[in-house]
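Biologist: I have a model open and I am new to it. Could you take me through the terms one by one?

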Amino acid sequence: HTRLQGDWSSDVCSSDLGDAFYLAAALAPGSGAPTGLRPRVEPPRALATLDLEPFDCIWVLDVEQLDAPEIAALEGFAKAGGGVVFFVGPRTQAAHVNAALHREGAGIFPVPLAGAVDLLRQEAEQAPDVVVEEHPVVAVLSGQRNPLLDAVRVDRFFAVERGFEPPAGGGLRRLLSLRSGAPLFVERPFGAGLVVAVLTTASPTWNNWARGNPSWVVVMLELQSHLAAMRRKAESLEVGDTVSVTLEPGLDAIEVDFVVPPDGTIVQQTAQDVDGRLSAAVESVAAGAHAARWKRLDGTEQERVVAVNVAPEEGRLERVGRERLDTALAGVPFRYEDAASLQPDSGALAGVSLVNPLLYLLLAVLVAEQLLSYSASYHPASRSGSSR
């Protein structure tokens, strides 16, 4: 599985280690580009035996056939909000996909398949093989001609059944298309989750995308984040709730330090085994950010931050009458006065307005200033007559 920020996880089910290798390399390129993800590859039969609840995303890579228990587990996971990605390939059987996975739209696979076909080429054709649609996963690659996508060559893909029309309101969307107009990446809601079908291989068997092209890594990481977000909703806790963190046996140490407000006190807890999982918890006593910090057995540090808020009732303002105050403040002496009955005391200094007296005083000062200026200025004496 892959782990992101200590909380997000995915499972990769594959019949071919080559497909899994290229996907794992995209999700976790290595120390040069740490993503926080750690892929884990399982055979398809693990779908029916693993507890899928801790995972946020499951990638099914060119699986020849899934049995009924595996399909039921996968559909239950998606209906509960999980993300599922299907990659097809040489082992994929269109008849099995249509009958067991698509089931005329009732199953988990988004579209019915017709069969594998080649993308025909023309000598003078200059258009890129991959066309970006309007979707948040591929938004970083949209816009003008992208040289990374221009370098992608798709030789073979699975075509959708001719005449297939998605039901109105079904939510089917394209992420990527081919220059022929055929879909390459399609997405459809399934229950509370999302399912994406990629109609070509994850390894560079039917295409060259995963062979040293950075856009492959970008799209896979964006797709992982997009699908994981469907399952990891923002957690809202209130003062008094328990802040907990789940650890993985064999990967995480059992000591967890909780940094709690208001003064950043560190409370150390030892994880306990709860229903087969290691879990450490502390009760919140004040509003603010609570951080849980622990170490993995390989020495890397992990942290999870949870916001704890006050109860919404504390900030809810509404009018109350005398009766409700008597009930709420039973035994507490208080004085209740109606605002309409309050009249200003004209005899009190605080109730006298000084605006008008100050204006009259200012006017008197201005008049006195003008008189003083006139009396102090030079005025020539007037002549009673004139002489020649």
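What follows is a short exchange on what each label rests on.

Modeller: This is a predicted model, in which local features need pLDDT of at least 70, side-chain atom pairs count only at pLDDT 80 or more, and totals for chains, interfaces and linings use all residues. Residues are numbered from 1 along each chain as its sequence is written, and side-chain values use heavy atoms, with hydrogens and water left out.

Biologist: How do you know where the confidence is lowest and where it is highest?

Modeller: By pLDDT, the predictor's confidence in each residue, from 0 to 100. The chain has a mean of 84, and 85% of its residues reach 70 or more. Strand β1 (residues 2–4) is lowest, at a mean of 34, and β8 is highest, at 97. Over residues 1–8 the value stays under 50. Where pLDDT is low, the predicted coordinates should not be read in detail.

Biologist: What makes a run of residues a helix or a strand?

Modeller: Both are DSSP runs numbered from the N terminus: helices are H or I with at least four residues, strands are E with at least two. The chain has seven helices and 19 strands.

Biologist: How do you know what span to expect of α7?

Modeller: The expected span is 1.5 Å times one less than the number of residues. Helix α7 (residues 355–376) has 22 residues and reaches 32 Å from first C-alpha to last, close to the 32 Å expected.

Biologist: Why is α7 said to lie largely in the open?

Modeller: Buried means under 20% relative accessible area, exposed over 50%, and partly exposed in between (1.4 Å probe, protein chains only). Of the 22 residues of α7, the number buried is zero, so the helix lies largely in the open. Of the 388 residues of the chain, 37% count as buried.

Biologist: Why is Asp 62 called buried?

Modeller: Its relative accessible area is 2%, and the limit is under 20%, so Asp 62 counts as buried. Asp 62 is in the loop between β4 and α2 (68–79). Its phi is near 45°, a positive value in a residue other than glycine.

Biologist: And why is Arg 103 called partly exposed?

Modeller: Arg 103 has 31% relative accessibility. Arg 103 lies in the loop between α3 (94–102) and β6 (113–118).

Biologist: What makes a set of residues a nonpolar core?

Modeller: Its members are buried Ala, Val, Leu, Ile, Met, Phe, Trp, Tyr and Cys residues joined through side-chain atoms within 4.5 Å. The largest core here has 37 residues, and those with the most contacts inside it include Trp 59, Phe 185 and Met 220. Its largest share, five residues, comes from α5. A second, separate core of 30 residues includes Ile 58 and Leu 113.

Biologist: Why is the pair of Phe 21 and Tyr 22 called edge-to-face?

Modeller: Rings of Phe, Tyr and Trp (its six-membered ring) pair if their centres lie within 6.5 Å; planes under 30 degrees apart are stacked, over 60 edge-to-face, and the rest tilted. Phe 21 and Tyr 22 are 5.2 Å apart centre to centre, with 80° between the planes. The angle is over 60, so the pair is edge-to-face. The structure holds six aromatic pairs.

Biologist: What makes Arg 156 count as lying over a ring?

Modeller: NZ of Lys or CZ of Arg must be within 6 Å of the ring centre and within 35 degrees of the ring normal. Arg 156 lies over the face of Trp 206, at 5.7 Å from the ring centre.

Conventions
Contact = heavy atoms within 4.5 Å.
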